[in-house]
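Try each task before reading its solution.

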Amino acid sequence: MVSKGVKAGGAVFDSSVEPRPGRGAGAIGVVLTSDRQLRVVRTTRPRGLRLEGEIDLANVDVVRRVLAAASRDGGDVRVDVGKLAFIDVAGLRVFVDQAGALSRRGGHMVLIGASRQMLRVLALCGWDAVPGLTMVERIAPAPRRPRL
């Protein structure tokens, strides 16, 4: 299912997922893991995750653990996949599995910025109709609250 917006709500993250030592936070988020192939960033605006690089069989377990930690308490989990250069079917299956688990607890996995190829493979596999999985083009950042 492709939609243009997302209902308000926040993802709940497991506090055991800590940023890597020496990696900083900032306006864009906190790096949870990074190697030559994949970088995972916990974002604050919107609250969720951003995945950059490539996901394949070599690092699918890392993605599974990060998504499981992000979705452990239910609610919506927003994942910006717009900076993924490549994702194989094993990587897509991780999103589908986590979306199904979230759906059973009343939440959604929201994929932001999926490429045309990613959307096509999801549709060919029938995974675009999985309960709890939503794809959106982009989400506008939440307005900043004035400091008092």
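## Getting oriented

The chain holds three helices and seven strands, in a model that is predicted. From the N terminus on, these elements follow the order β-β-β-β-α-β-α-β-α-β. Of the 148 residues, 42% count as buried. Among contacts with a separation of 6 or more, 65% join residues 24 or more positions apart.

## Exercise 1: Helix H1

**Task.** Compare the reach of H1 with the expected value, then find which residues of H1 are buried and what covers them.

**Solution.** Start with the length: H1 covers residues 60-71, which makes 12 residues. Its first and last C-alpha atoms are 16 Å apart, close to the 16 Å expected at 1.5 Å a residue.

Next, pick out the buried residues of H1: Val 60, Val 63, Val 66, Leu 67, Ala 69, Ala 70 and Ser 71.

Finally, look at the cover over these residues. It includes the strands E2 (30-34), E3 (38-44), E4 (47-55), E5 (77-87) and E6 (109-112), along with helix H2 (89-104).

## Exercise 2: Two residues in one loop

**Task.** Asn 59 lies in the loop between E4 and H1, and Leu 57 is found in the loop between E4 and H1 too. Decide for each: is Asn 59 buried or exposed, and is Leu 57 buried or exposed?

**Solution.** Take Asn 59 to begin with. Its relative accessibility is 4%, so Asn 59 counts as buried, the cut-off being under 20%. The side chain of Asn 59 reaches the backbone oxygen of Glu 54 at 2.9 Å. Beyond its neighbours within four places in sequence, Asn 59 is in contact with Gln 37, Leu 38 and Glu 54.

Now turn to Leu 57. At 65% relative accessibility, Leu 57 is over the 50% limit and therefore counts as exposed. Leaving out residues up to four places away in sequence, Leu 57 touches Asp 88 and Ala 90.

## Exercise 3: Helix H2 from start to end

**Task.** Check the span of H2, then describe its start, its buried residues and what follows its end.

**Solution.** The 16 residues of H2 should span 22 Å at 1.5 Å a residue, and the end C-alpha atoms are 23 Å apart, which agrees.

At the start of H2, a side-chain oxygen of Asp 88 comes to within 3.2 Å of the backbone nitrogen of Ala 90.

Along the helix, the buried residues are Gly 91, Leu 92, Val 94, Phe 95, Val 96, Gln 98, Ala 99, Gly 100, Ala 101 and Leu 102. They pack against E4, H1, E5, E6, H3 and E7.

Just after H2, Gly 106 has a positive phi of about 90°.

## Exercise 4: How H2 meets H3

**Task.** How are H2 and H3 oriented to each other, and which residues meet?

**Solution.** Two packed helices are described by the distance between their axes and the angle between them. The axes of H2 and H3 (residues 116-125) come within 11 Å and cross at roughly 70°. With 65 to 115 degrees as the range for roughly perpendicular, H2 and H3 are therefore roughly perpendicular to each other.

From H2, Val 89, Leu 92, Phe 95 and Val 96 meet Met 118, Val 121 and Leu 122 in H3. The residues of this contact divide into seven nonpolar, no polar and no charged.

Methods:
Residues numbered from 1 in each chain as written. Predicted model: local features only at pLDDT ≥ 70, side-chain atom pairs only at ≥ 80, totals over all residues. Heavy atoms only, no water. Helix = DSSP H or I, 4+ residues; strand = E, 2+ residues; numbered from the N terminus. Expected span 1.5 Å × (residues − 1). Buried < 20%, exposed > 50% of the residue type's maximum accessible area, 1.4 Å probe, protein only. Contact = heavy atoms within 4.5 Å. Polar contact = N/O pair within 3.5 Å; in protein donor to acceptor, adjacent residues only side chain to side chain. Axes fitted to C-alpha atoms, helices over the stretch in contact; angles between N-to-C directions. Parallel < 35°, antiparallel > 145°, perpendicular 65-115°, else oblique. Nonpolar A, V, L, I, M, F, W, Y, C, P; charged D, E, K, R; others polar.
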